[in-house]
Amino acid sequence: MSLNIIVLAKQVPDTRNVGKDAMKADGTINRAVLPAIFNPEDLNALEQALKLKEQHPGSKVTVLTMGPARAAEIVREGMFRGADGGIVLSDRAFAGSDTLATSYALSAAVRKIGDYDIIIGGRQAIDGDTAQVGPQIAEKLGIPQITYAEDIISVEDGVVTVKRRIESGVETVKAKLPLVVTVNGSAPDCRPRNAKAVQKYKYAAVPSEVAADEAKKEFIEKRPYLSIGEWNASTVDADLAQCGLAGSPTKVKSIENVVFTAKEARRIENNDEELEGLIKDLIANHTIG
Amino acid sequence: MANFYNDNEALKHYLSHPLMKKIVELKERNFADADKYDYAPQDFDDAVDSYDRVLEIVGDICANVIAENAEEVDHTGPQVVNNRVKYAPATERNLEACRKAGLMGMSMPRRLGGLNFPITPYIMAADMVSRADAGFENLWGLQDCAETIYEFASEEQKQKYIPRVCQGETMSMDLTEPDAGSDLQSVMLKATKKEDGSYVLNGVKRFITNGDSDIHLVLARSEEGSKDGRGLSMFIYDKRNGGVNVRRIENKMGIKGSPTCELVYKDAPAELVGSTRLGLIKYVMALMNGARLGIAAQSVGISEAAYREALQYAKERQQFGKPIINFPAVAEILSLMKAKLDASRALLYACSRFVDIYKIYDDIAKERPLTVEEKKEQKYYSRLADAFTPLAKGMTSEYCNQNTYDCIQIHGGSGFMKDYACERLYRDARITSIYEGTTQLQVVAAIRHVTTGTYLNKIREFEAQELKPEFEAVKNTLVFMTQQYADAVQAVMGVDDSKYHDFMARRLVEMAGHIIMGYLLLDDAQRNEEFNKSLVVYVKYGEAEVARHASFIGNFRPEQIEDYLYTNA
């Protein structure tokens, strides 16, 4: 059977190579110095979706992302790698959303899409590291969820079989469609961009981008496959009280800027006693555990 | 994220070469595919933007998949299991990445599933793949055998095989045999015509790169009783039909990830390509020219890797209280490595542009008669491609060997250990000046263009070009070198002895090479000051080399050749 797959993806600041100017004085992220990237585990999720699409011909992969209009880059990136299209959920009303408000807005968008079999997202985003949005969406939609997935093994007769990472190893579980799957970073890497897809979709854009580009406007409008959806709060019938800051019970009290610096050097001799001492010290100060 | 395209300014420089506009417009037939295929370009800028984006994908895969796997592939290598080749697992991952990215059949037309890229951006991809892993370049780069099917096979064969190559099936060219290496006229593999008109192949092939490929191009003797090249024809063997087994793979010094096979053909069904008897004299010559350009790209890629490894080590390694790059003796090696690398790449892309134009004209000529003007251009570029291909293959592969040697030298004792990539590069480089025709055979192909003046005419064209005034001094050196070259050619050709001509041929070809590469770098420096240093260093080097050859030739009495020849052997 063909599947309708929604991939949840987020554009995040690249926090993996953080320099000393990564945080501003007020403790917020200095987005100007951190490149915006496709959240790494969302790429693992996209790969699972594209694999399912290959196994189930006729399937459709839609990338759904919430963010400013430039988050259309994420949808394009998905299309370059094999997704069929996507939607950017963008509204000032969503600004300042915590995980509860984010999952509310995204679940409203999923309802608006309506026809879906599997929603796949990364386990967590590298800017917040909460791992809450996927599970909350499942709860709001009232459907099952499988977290920490490493491999969506099969989808047969409305039942999905998933190998998931647990603390002591892996386990294989089954659940009924439709459902939410969150994918762990230990899952296979996403495939590269495809040469034909890049050439086909390079001008794909959301309406606000199209409006700003007179030269390409007619070209894009003639080709429906180049249109990326751009939805706002009213498109998805969202209750504004549950959106953005208003809908976010999480309040950030303060942010502490922790900088690791090497203060001292210790020389360890190459013998069992010294090494054991080092290991005990590292356990004691929670460097390893 | 590391990217072999984005970190290499030279590739973008050549992608924006002025001649690219002509190449792209011809290749795209003035953008006739624009409304037929959703991935076809609308105009020149759109096409170049597409090449740029696709090369970025190649750069990503090269840096993050293929280069990362190179060491593992070198250690694991392929195996023969039940007469079939089993690639190293990491090789499979490389191939899978290239297939998923749609990087197979890049130069094939869209109607057959390809990207319709000109040769030049395809060669850029080959340049990067080789930098990542020269052995893998062989497997990936054999896709250019599809060119031969496209040029010479029937429409039915094109429809049958080329889309499969574009989907990621691999190819091989089964030419050499135990007794037919450089001398392909001695090929013995027997092609027997059956009553229904089809053929079967019987015999043995040796040293076949990727010999267990999906689609083979095979050179075989179809004319019973014939002895020379005129009895040889070209065939396609499809692995799906069976009949060819891999007896063994060679245990090689380098490019270990690329299986080099001995093949046994036992009544293997095969399809004739084109006409009988043209196998060697027409089709293999075309195939080899494409392959030689591929080896030039492989050589440039390895040179690039070697230079980068050496540069990084020289900056990091401290001796006598400072990084070794600060010692003039080390700096000189590095500067010369870079100059040879840049000169090699300049020659590679000059050659690929010539190949592009004449091949596209050949293709257009199948659709409609060429105009008089177009025919003239086709002839002009075809001749240049013919002259530059052996020159590029010969010079770049020798420089690639020199650069990997110097890369180890920069690493000192550590370079002799197995701990650094330089030792693999050194081993991988060694084959480049041997296969697809040794350097000595490239000279045989190139010397014609010394005697008929193709090189000198091109040099005179370079000479006539307008220059920024600050480059006059360099140009004067090149003009002087040209005079020495012209004198040397006259001196050698003035002696009526073909052995003597053969003896001096390599010196003359190299002299032409130095001057041509000097002018190409001079041209690059007009557009991009990044090339200034390499221009100066290379011309200094070339000047000394040309003088060395001129001196050897000038001081040589033709009868002294007897001191060198083994006449009684």
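**Close-up views of chains A and B**

**View 1. Where chain A meets chain B.** Ten residues of chain A are in contact with 14 residues of chain B, two residues being in contact if their C-beta atoms, placed from the backbone, lie within 7 Å. Sorted by class, the chain A side that touches chain B holds three nonpolar, two polar and five charged residues. Here Ala, Val, Leu, Ile, Met, Phe, Trp, Tyr, Cys and Pro count as nonpolar, Asp, Glu, Lys and Arg as charged, and the others, Gly among them, as polar. A word on the model: it is predicted, local features need pLDDT of at least 70, side-chain atom pairs count only at pLDDT 80 or more, and totals for chains, interfaces and linings use all residues. Residues are numbered from 1 along each chain as its sequence is written, while chains are lettered from A and ligands numbered from 1 in the order in which they are written.

**View 2. Domains 1 and 3 of chain B.** The domain assignment, which is an automatic or database one, divides chain B into domain 1 (9-165 + 281-433), domain 2 (171-278) and domain 3 (439-563). Taken over C-alpha atoms, the centres of domains 1 and 3 of chain B are separated by 26 Å. Their contact takes 22 residues from domain 1 and 23 residues from domain 3. On the domain 1 side, two or more residues each come from helices H1 (9-15), H10 (328-367) and H11 (372-411) of chain B; helices are DSSP runs (H or I, at least four residues), numbered from the N terminus. H11(B) gives the largest share of this side, ten residues.

**View 3. Helices H17 and H18 of chain B.** The axes of H17 (residues 498-527) and H18 (residues 532-554) of chain B come within 9 Å and cross at roughly 160°. Axes are lines fitted to C-alpha atoms, for helices over the stretch in contact, and angles run from 0 to 180 degrees between N-to-C directions. H17(B) is therefore roughly antiparallel to H18(B), a term for angles over 145 degrees. Among the residues that meet are B:Met504, B:Leu521 and B:Ala525 in H17(B), and B:Leu535, B:Val539 and B:Phe552 in H18(B). By class, this contact has 13 nonpolar, six polar and three charged residues.

**View 4. Helices H7 and H9 of chain B.** H7 (residues 145-152) and H9 (residues 279-316) of chain B pack at an angle of about 140°, their axes 9 Å apart. H7(B) contributes B:Cys145, B:Glu147, B:Thr148, B:Glu151 and B:Phe152, and H9(B) contributes B:Tyr283, B:Ala286, B:Leu287 and B:Gly290.

How values were computed
Angles under 35 degrees count as roughly parallel, over 145 as roughly antiparallel, 65 to 115 as roughly perpendicular and the rest as oblique.
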